[in-house]
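Look at the model below and find the open spaces in it. The paragraphs that follow go through the pockets and the ligand.

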Amino acid sequence: MKSLVVYYSFEKNAKFVGDLIAKELGAEILELKLETEPKSKDYMKYYLGEKQVLMKTTPKLQPYQLKLKDFDLIIIGTPIWSGTFAPAIRTFLMQEKIEHKKIALFYCFTVKRGRISNHFKKALKGNNIISEIGFKEPLQEELELIQKRIKRWVQKLLNCMATDK
Ligand SMILES: Cc1cc2nc3c(=O)[nH]c(=O)nc-3n(C[C@H](O)[C@H](O)[C@H](O)COP(=O)(O)O)c2cc1C
């Protein structure tokens, strides 16, 4: 089975989780990067990011070589922005037009997941979302706890893939 972990991460939480998932699963990694990445760590980031979400913007991604059709399982990860996925993921979903794939989702957040699950379901219509998992501020968690959760989740994904054939 070939798996891909694709994520966007603004401040490294989703990257941290995505890399651990990929390692546990033996998956390839695609880290989405914007052509113009906003500057992190200033108070404007919430304002600008939320405005982007509200306006449903699709910022341009840096080019990548991977072809999604080569993978049996695609795991998509994002920070939660204003209760949904980050604009970079919106761009990715729009440009890839993913169909008939097994998908798993992970997201990172600080307080509330909002309706991210519904937003993903709508954006990924025509696919089979086999599982999803949320991580609250993972960079501040104990590494061992995160690793244990990821191990269990990856096992669940593998079971799903094995029984779903
Ligand atoms: C523009 C913006 C909007 C956010 N909106 C939410 C939100 O609605 N709910 C929440 O719990 N966290 C929200 N956060 C916090 C991030 O989801 C959280 O810090 C996440 O772990 C960041 O992941 P990253 O480090 O991979 O970028 C927001 C952060 C930003 C920058």
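Which element supplies the largest share of the lining of the largest pocket? That share, four residues, comes from α2; helices (H or I, at least four residues) and strands (E, at least two) are DSSP runs, numbered from the N terminus. This is a predicted model, in which local features need pLDDT of at least 70 and side-chain atom pairs count only at pLDDT 80 or more, while totals for chains, interfaces and linings use all residues. Residues are numbered from 1 along each chain as its sequence is written, and side-chain values use heavy atoms, with hydrogens and water left out.

A pocket is found on a 1 Å grid over the protein atoms alone, as an open set of points where a 1.4 Å probe fits, with protein on both sides within 12 Å along at least five of seven lines; lining residues have an atom within 4 Å of a point. The largest pocket is lined by 25 residues, and nearest its centre lie Glu11, Tyr46, Ile80, Trp81 and Thr110.

The ligand takes up the space of this largest pocket (more than half of its atoms lie within 2 Å of the grid points).

Among the lining residues are Val53, Phe85, Arg115 and His119.
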